[in-house]
Amino acid sequence: MIATGLVKTSYPKEDITFLLKDVSEVFTESTLEEREKAVQTGAHYAERLPMEYRPSDEYTKLYHETVVKTKEQLAYLVGLVTRRIFMNAGTDDVVLVSLARAGSPIGILIRRYAEKILNMKWPHYSVSILRDKGIDEKAIDSIRAAHPTSRIQFVDGWTGKGAIQKELTKAVNHLNKTKNLNLHDDMAVLADPGACAVLFGTREDFLIPSACLNATVSGLVSRTILNKLYIGEDDFHGAKFYGELLEEDLSNDFVDQITDCFKGTQERVEKDAVSTPVTAKRTWQGMKEVEEIGQQMYRETDYHLIKPGVGETTRVLLRRSPWKVLVNSLDNPDVHHILMLAKEKDVPVEVIPDLFYRAIGLIRSGKEI
């Protein structure tokens, strides 16, 4: 039985269940300065929440234009990765477990594609996974208890340098060894520019528009919280519900627009699903570039300061203290929102034409060269 006291969400119940404790009434956000200082002095990033970024009208307009331009390609990628999940699992008894919160809207889209196009009903939960802290084991225990024989498929939005994939692999190995849960670490993502996932729609550094916003495209749910003042040993990791943003919420509009494109891309998906490999090897190509950038840009190499890929760079600009942004071109539409955010926040942009990623965000730390 799944526990009560879960965080609210603006998504329909059939689309997702967030296995996150609701701390909306007791947890308050920190300023950017407070949060960055805490992280730099050894606190874990999940102990505090950043303020929710409220986009300008110009940025919101660009977001909407991006959804219109990319929704058919997104629908195709959702279809392709859903087909690959099914073929890789070898069964229709699949339970989707998205990694909150970037994975949450993608998990919803995969669930919808499975139901609407493949006629399969795949339950969908969203759980917390944190760098250096691992996955929420209580949440995984609850899912396995509710679905003892199902194939659990982990889902995220995109990859950066592979930190979350490594965290997932470590957690899966631990849980299989200690609890015999029969889990798999073959995380599925829409975009895998870091070449560290085996199931994906594309390995291009492709803009997924849900990366452009925070809670207002993620069911009004905050990023996940793990702070002992609010989260007990028997609790799920926590999150807040931003009910005050209800009028600004675009979460269902985003998934609905892409869902409407499923049938139009179905033929292409079915053709490509059987003519391309279901899985691919991990090469960790992205991490190799991160290591080079780290040596060039910082006196002391701390790879946590380097956030590669369009999605991760967007996150740096939305909720961290960015030092600078690297792009391989100013003309690529996938970085237009990044350039706008950088301008709004007075963050310098440097063009490096042979950059492997389309964008890399660098965090200010005092270690800069």
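**A chat about loops and helices**

Biologist: Is A195 buried or exposed?

Modeller: A195 has 6% relative accessibility, so A195 counts as buried. Buried means under 20% relative accessible area, exposed is over 50%, and partly exposed is in between, using a 1.4 Å probe and protein chains only.

Biologist: What kind of model is this, and how are residues numbered?

Modeller: It's a predicted model: local features need pLDDT of at least 70, side-chain atom pairs count only at pLDDT 80 or more, and totals for chains, interfaces and linings use all residues. Residues are numbered from 1 along each chain as its sequence is written, and side-chain values use heavy atoms, leaving out hydrogens and water.

Biologist: Okay, back to A195. Where is the place of A195, and what is its phi near?

Modeller: A195 sits in the loop between β7 (188–191) and β8 (199–202). Its phi is near 55 degrees, which is positive even though the residue isn't glycine. Helices here are DSSP runs of H or I with at least four residues, strands are E runs of at least two, and both are numbered from the N terminus. Most residues other than glycine have a negative phi, and most peptide bonds are trans.

Biologist: What about phi of L220?

Modeller: Phi of L220 is positive too, near 65 degrees. You'll find L220 in the loop between β8 and β9 (238–239), and L220 is buried with a relative accessible area of 0%.

Biologist: And which peptide bond is cis?

Modeller: The one from A100 to R101, with omega near 0 degrees. R101 belongs to the loop between β3 (94–100) and α3.

Biologist: Which residues are buried in α5?

Modeller: Q165, E167, L168, A171, V172 and L175. They cover an arc of only 155 degrees around the axis, which puts them on the same side of α5; the arc is that of the directions from the helix axis to the C-beta atoms. K170 and K177 are exposed on the other side.

Biologist: What do the buried residues of α5 pack against?

Modeller: They pack against β4 (124–130), β5 (134–135), α4 (137–146) and β6 (151–155). Contact means heavy atoms within 4.5 Å.

Biologist: Now α2. At what angle do α2 and helix α3 pack?

Modeller: About 70 degrees, with the axes of α2 and α3 (residues 103–116) 9 Å apart. Axes are lines fitted to C-alpha atoms, for helices over the stretch in contact, and angles run from 0 to 180 degrees between N-to-C directions. α2 and α3 are therefore roughly perpendicular to each other. Under 35 degrees counts as roughly parallel, over 145 as roughly antiparallel, 65 to 115 as roughly perpendicular, and the rest as oblique.

Biologist: How do the axes of α2 and α6 cross?

Modeller: The axes of α2 (residues 57–89) and α6 (residues 251–259) come within 8 Å and cross at roughly 40 degrees, so the two helices are oblique to each other. The contact involves Y63, V67, V68, K71, L74 and A75 of α2, and F254, Q257 and I258 of α6.

Biologist: Last one: where is the place of L330?

Modeller: L330 is in the loop between β11 and α10 (336–344). At 43% relative accessibility, L330 counts as partly exposed.
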